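Good morning, everyone. Please look at the screen while I talk.

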Amino acid sequence: MSWRDILEAPPPQKSPSTHNSQNTQNSVEPSSCADSADSAYRDPEEDDARLLEALAHACRGLSIKPAEVCDALAPEDIEGWRCGEVRGESLAAFAASLDQRREMERGICPASYTEQATCAQCGPIWLWTQGQVLGCPWCWNRIRGLPIPRPHLVQCAECRHWTPDSIGDGGGIGSCEVGGPQPGQMPAYPRAERICDHWLPEPGTKKED
């Protein structure tokens, strides 16, 4: 996933660090490549040190490490930073969004996702806005089989992972393809409302808010 993919969703609000009275716009900035006497003679080790210092400012107050953010940057983005095309505020926004994405991969809903919405692919979701959407940030989780927190209870009978027994009466006979509760563990299991972070709507159907 590139930094541009991650920044498609609004980045979380990042409060100023209690250890630094300056904001992210005052992060360490490199001089423009055009201003260098001879960019061909730049010291790679010095460039790397300056980049990590800038990323340290960008990561203030986050759980993600500067080296992890550096690893996620594409070579052209690193070169853009060295030339002054990628500014400190962009690094801060990227670091915050990358940190948020890691939390979302664990099924943790961002604090800014306070509205109930419906994704055509994922079903009912938490988002920063209400309504119907064709795709959402949680689609990354769906594609990779990661958990998606739901704004309300769901039914297994409406999930693509649920396989009813062909000879059963639908009252609780069947199985879950992703290792959910086994038959008999819950009364009227397919139609019982429950919390499930791996629930996905049946293809061609959607669950309204």
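Predicted model: local features only at pLDDT ≥ 70, side-chain atom pairs only at ≥ 80, totals over all residues.

Let's start with the overview. The chain has 209 residues, and 38% of them count as buried. It has 6 helices and 7 strands. Read them from the N terminus and the order is α-α-α-α-α-β-β-β-α-β-β-β-β. Now think about contacts between residues with a separation of 6 or more. Of those contacts in the chain, 60% come from residues 24 or more positions apart.

Now the strands. Find S1, residues 115-119, and S2, residues 123-127. How many bridges pair S1 with S2? The number is 5, and the sense is antiparallel. The two strands form a hairpin, with 3 residues between them.

Look for alanine 117, which stands opposite glycine 131 in S3. One general point on strands: in a regular one, side chains alternate between the two faces of the sheet.

On to the helices. Two packed helices are described by the angle between their axes and the distance between the axes. Take H2 and H4. Their axes come within 11 Å and cross at roughly 90°. That makes H2 roughly perpendicular to H4.

Which residues meet there? From H2 we have Asp47, Asp48, Arg50, Leu51 and Ala54. From H4 we have Ile78, Trp81 and Arg82. Sort the residues of this contact by type and you get 4 nonpolar, no polar and 4 charged.

Stay with H4 for a moment. Asp77, Ile78, Gly80, Trp81 and Arg82 are buried in this helix. Just after H4 comes glycine 84, with a positive phi of about 85°.

Next, salt bridges. Side chains of opposite charge can pair when their charged atoms come close. How many salt bridges does the structure hold? It holds 8. I will show you three of them.

Arginine 82 forms a salt bridge with aspartate 47, and the closest N and O atoms are 3.7 Å apart. Arginine 82 is in H4, residues 75-82, and aspartate 47 is in H2, residues 44-58, so the pair ties together parts 35 residues apart in sequence. Buried or exposed, this arginine 82 and aspartate 47? Both are buried.

The second pair is glutamate 68 and arginine 102. Their side chains meet in a salt bridge at 3.2 Å, N to O. Glutamate 68 lies in H3, residues 66-72, and arginine 102 in H5, residues 88-105, so this pair ties together parts 34 residues apart in sequence. Check the accessibility here. Glutamate 68 has a relative accessible area of 33%, so the residue counts as partly exposed. Arginine 102 is at 30%, so this residue counts as partly exposed too.

Arginine 191 and glutamate 158 meet through their side chains, at 3.9 Å from N to O. Arginine 191 is in the loop between S6 and S7, and glutamate 158 is in the loop between S4 and S5. The two residues are 33 residues apart, and the pair links distant parts of the chain. Arginine 191 is exposed, because its relative accessible area is 51% and the cut-off for exposed is over 50%. Glutamate 158, at 26%, is partly exposed.

Some salt bridges also share partners. Those join Asp47, Asp48, Arg50, Glu79 and Arg82 into one network.

Last stop: glycine 107. Where does this residue lie? Glycine 107 is in the loop between H5 and S1. Its relative accessibility is 16%, so glycine 107 counts as buried. Leave aside the neighbours within four places in sequence, and glycine 107 is in contact with Pro147 and Pro149. Now find arginine 150, which is 43 residues away from glycine 107 along the chain. The C-alpha atoms of these two residues are separated by 9.8 Å.

That's the tour. Thank you.

Key: Residues numbered from 1 in each chain as written. Heavy atoms only, no water. Pairing = 2+ DSSP bridges. Helix = DSSP H or I, 4+ residues; strand = E, 2+ residues; numbered from the N terminus. Salt bridge = Lys/Arg side-chain N within 4 Å of Asp/Glu carboxyl O. Buried < 20%, exposed > 50% of the residue type's maximum accessible area, 1.4 Å probe, protein only. Axes fitted to C-alpha atoms, helices over the stretch in contact; angles between N-to-C directions. Parallel < 35°, antiparallel > 145°, perpendicular 65-115°, else oblique. Contact = heavy atoms within 4.5 Å. Nonpolar A, V, L, I, M, F, W, Y, C, P; charged D, E, K, R; others polar.
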